[in-house]
Every structure is written in C-alpha cells, then in structure tokens.
Amino acid sequence: MIIQLSKNITTQEQGILINKLSDLKIKSNIISTQFKNYIVGIPKTDFDMRSLGNLNGIEDIHRVSDAYKLVSKKWKVNNTVINLGDNVTIGGNDLAIMAGPCSIEGEEQIETTVAHLVKNNIKIMRGGVYKPRSSPYAFRGMGMDGLKMFYKHCSENGIKVITEVMQVSQVEEMADYVDIFQVGARNSQNFNLLDVLGQVDKPVMIKRGMSGTIEELLASAEYVFSNGNEKILLCERGIRTYENAYRNTLDLNAIPILKEKSHLPVVVDPSHGIGLRQHVGTMALAGVMCGADAVIIETHENPEIAFSDGQQTLYHEQAEKLYQQLNQTRQLYKSF
Ligand code: PEP
Ligand code: MN
C-alpha cells in the first residue's frame, strides 16, 4: 500500500496515521523524495482501507500488490518524465538518444564526439570513466580527470553527461560532473550503491543485471526511490543466455513488460545487447518499436582503435543515419 501524504500534514496528524497503521499491524516505511512524502505500508493480513480514508493529511491511498511498490504503475498511471534541464527530457513524447564512446579516452576524442553530437542535435553523451572490465589488465578508464574534461566540453555545448559509477565512494566526487549516473549490469544489485544513489538529486539509470529478472530490476529501482530519489531510468541491455552467436541476448520482451509494470522511462542499449556493430542499428530500431523511451548507443570516430567495445561501436557516419531512422521510427510507434 502507498499512502501519498499531503504537503501540509502536521507532525501530529502523521503520528496518528502511523499509530493507526501500527494498530492494523501494518509496517510503515516513511519515504521523503525530492517531490513528495509517502508511507509505504506492508500489511501482514488483509485490512479495510476505508479505516484509513477519513484520517487527515492523506492525499491518496493505493493498494499495490506488486513486490515493488513506488516504481509500480499500479499507483502512478502517468509516466514519469525525467527533466535534465535546458529542455532535455526523457520519457516524454520524443525519443531521447544518448550516444558516445564506451570509454572516455582523451580530450581529442571528447571533442570529435561532441562535434558529432552537436551536428546531429543529440543532447546526451555517454562515456565511461570508471570501466568494469573482465580482465584487470584491460583499460579501466580515465577516472575523475577524464570526467572533468568530459563534463567541461559537454556543458559548454549544451550536452548532458551519462557515465557509470562503480562504487559508493565515487558518488560524491562525481556528482558535480554528472547529469545521469549509470549503474552497470554488474552492479545492478549492489544495494549499498543503490541506497546512496537514492540520496542524491541526480537521475539514475539502472541497467538490468546479466542474469537479472525484470522483477529484480524493478526491485533495484525501488531501492533508489525508497531512499528519496524518484528520477530513475530502467535499461534493458541484454542478458546472458546459452546462445553464443552474439554477446548478449537483447530481451526486447522486457521493454513492453517494463512499460506495463512501471511508470519509469525505459532505455534500450542495443550495443551491449547484441555486441555486433552490423546489427546494432536493427536492434535499436526494434527497441523503439517495442516502446523504449530512449536509446543508448556506442559511437566512435574510429571504432577500430577504441579502447573498449570497438566491435559493437558505430562509426559516426553510421550513427548519423541511424539517429534519423530512430526518430522516424518513434513517430511510427506513436501512431501505432
Ligand atoms: C557500458 O555501458 O559500457 C557498460 C559497461 O555496460 P554494461 O554494464 O551494460 O555492461
Ligand atoms: Mn561498453
């Protein structure tokens, strides 16, 4: 059960409500986000909601039977729109496109990417400065120096930054240089990290774990929301299956299901989803037709020399053509 508290609820009214819930053997979790105050009640047995309805200070009450509550569509019918400022939004009518390299490699690379994005009116640049790599000997990212450079060039050109945060200790120092925090597939259930990201006022994109279920992804999002941050994006990036003809199995089914179950915007990542450059475009377009609100794609001036994930990275010329097709496909989806 979710109780939306009214803005001007008094401490006394809140006390009466919590006592009433306790009488009904309902465990109350008080949640304060950047937008609202809620009580998530976990009843042990069935109860009559009418017994709460006449108390003061309540704006609305909803029964939510899902394991996840605040991220469920059962209580919030309108889709969440994430506003990044400067008229950049995710989850609205238009498709949001995020593009850029797998890893930030240096100033020149940032400049060529920014120029490519500006030319194509793409408002969000991706790029990792802390890279989760299977081998400890692989390139692991430029860290804070790279992030500061990345943010400087982007902010000067009206572009928003999405980058991966790998551990709790990085959150604070990164926050001033990030517009969206990315939680990678390997950290999808790092609950300590999710707790901390719930306490910052920056959007968080959570990628689905390699073997994560849809319910687990939603439960991860619930961690962020219940810690106070409503600005969450869910990302389908492929799961590990028995199939090894491609890097991962992009689970397109997850997109309409996530849209049905949650009010949060859904992002599709076809680059990691299939892992093969020649098929990234097809899967991106398919993702849009499945209802994704945003696409995140790896692009590079010269993928052949990219420090990571070159095999799944689009050339800028390829990406340029794809952006147009993606926007057209969004129109088609909307008229569907
Ligand atoms: C990435 O976005 O480059 C990345 C490492 O993604 P994932 O966590 O989905 O593997
Ligand atoms: Mn990558």
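How many bridges join β2 to β3, and do these strands run parallel or antiparallel? In this predicted model, 7 bridges join β2 to β3, and the two strands run antiparallel. Ser 28 of this pair stands opposite Gly 41 in β3. The two strands form a hairpin, with 4 residues between them.

Strand β1 covers residues 2–5 and is joined to β4 by 4 bridges. This pair, too, runs antiparallel. Within it, Gln 4 stands opposite Asp 60 in β4.

Strand β7 pairs in another sense. Strands of a sheet pair through backbone hydrogen bonds, either parallel or antiparallel. For β7, the partners are β14 and β8. With β14, residues 294–300, β7 pairs in the parallel sense over 5 bridges. Gly 100 stands opposite Glu 298 in β14. With β8, residues 124–126, the pairing is again parallel, over 2 bridges. Here Ala 99 stands opposite Met 125 in β8.

How many of the 5 residues of β7 are buried? The count is 5 of 5 for this strand, residues 96–100, so β7 is largely enclosed by the rest of the structure. In a regular strand the side chains alternate between the two faces of the sheet. Both faces of β7 are covered. Ala 96, Met 98 and Gly 100 are buried on one side. Ile 97 and Ala 99 are buried on the other.

Two helix pairs share α11. Two packed helices are described by the angle between their axes and the distance between the axes. Helix α3, residues 107–119, packs against α11, residues 316–334, at an angle of about 25°. Their axes are 11 Å apart. Angles under 35 degrees count as roughly parallel, and α3 and α11 are therefore roughly parallel to each other. Their crossing is right-handed. On the α3 side, the contact is made by Thr 112, Thr 113, His 116, Leu 117 and Lys 119. On the α11 side, the residues are His 316, Ala 319, Glu 320 and Tyr 323. By class, this contact of α3 with α11 divides into 3 nonpolar, 4 polar and 2 charged residues.

The second pair joins α10, residues 277–289, to α11. The packing angle is about 20°, and the axes are 8 Å apart. Helices α10 and α11 are therefore also roughly parallel to each other. The crossing of α10 past α11 is right-handed. Helix α10 contributes Arg 277, Gly 281, Ala 284, Leu 285, Val 288 and Met 289 to the contact. Helix α11 contributes Gln 318, Leu 322, Gln 325, Leu 326, Thr 329, Arg 330, Leu 332 and Tyr 333. The contact of α10 with α11 has 8 nonpolar, 4 polar and 2 charged residues.

Is Ile 110 buried or exposed? This residue lies in helix α3. Its relative accessible area is 0%, so Ile 110 is buried. Leaving aside neighbours within four places in sequence, Ile 110 is in contact with Ile 104, Met 125, Gly 146, Met 149, Phe 150 and His 153. Among these, Met 125 is the residue of β8 that stands opposite Ala 99. The C-alpha atoms of Ile 110 and Ala 284 are separated by 23 Å. Along the chain, these two residues are 174 residues apart.

Two loop residues have a positive phi. Most residues other than glycine have a negative phi. Asp 86, however, has a phi near 55°. Its place is in the loop between β5, residues 82–83, and β6, residues 89–90. The relative accessibility of Asp 86 is 63%, so this residue counts as exposed. Asn 121 has a phi near 60°, again a positive value. Its place is in the loop between α3 and β8. Asn 121 is exposed, with a relative accessible area of 55%.

Conventions
Residues are numbered from 1 along each chain as its sequence is written. Chains are lettered from A and ligands numbered from 1 in the order in which they are written. This is a predicted model: local features need pLDDT of at least 70, side-chain atom pairs count only at pLDDT 80 or more; totals for chains, interfaces and linings use all residues. Side-chain values use heavy atoms; hydrogens and water are left out. Two strands pair if DSSP finds at least two bridges between them. Axes are lines fitted to C-alpha atoms, for helices over the stretch in contact, and angles run from 0 to 180 degrees between N-to-C directions. Angles under 35 degrees count as roughly parallel, over 145 as roughly antiparallel, 65 to 115 as roughly perpendicular and the rest as oblique. A crossing is left-handed if the near helix is turned anticlockwise from the far one by less than a right angle, and right-handed if clockwise. Contact means heavy atoms within 4.5 Å. Ala, Val, Leu, Ile, Met, Phe, Trp, Tyr, Cys and Pro count as nonpolar, Asp, Glu, Lys and Arg as charged, and the others, Gly among them, as polar. Buried means under 20% relative accessible area, exposed over 50%, partly exposed in between (1.4 Å probe, protein chains only).
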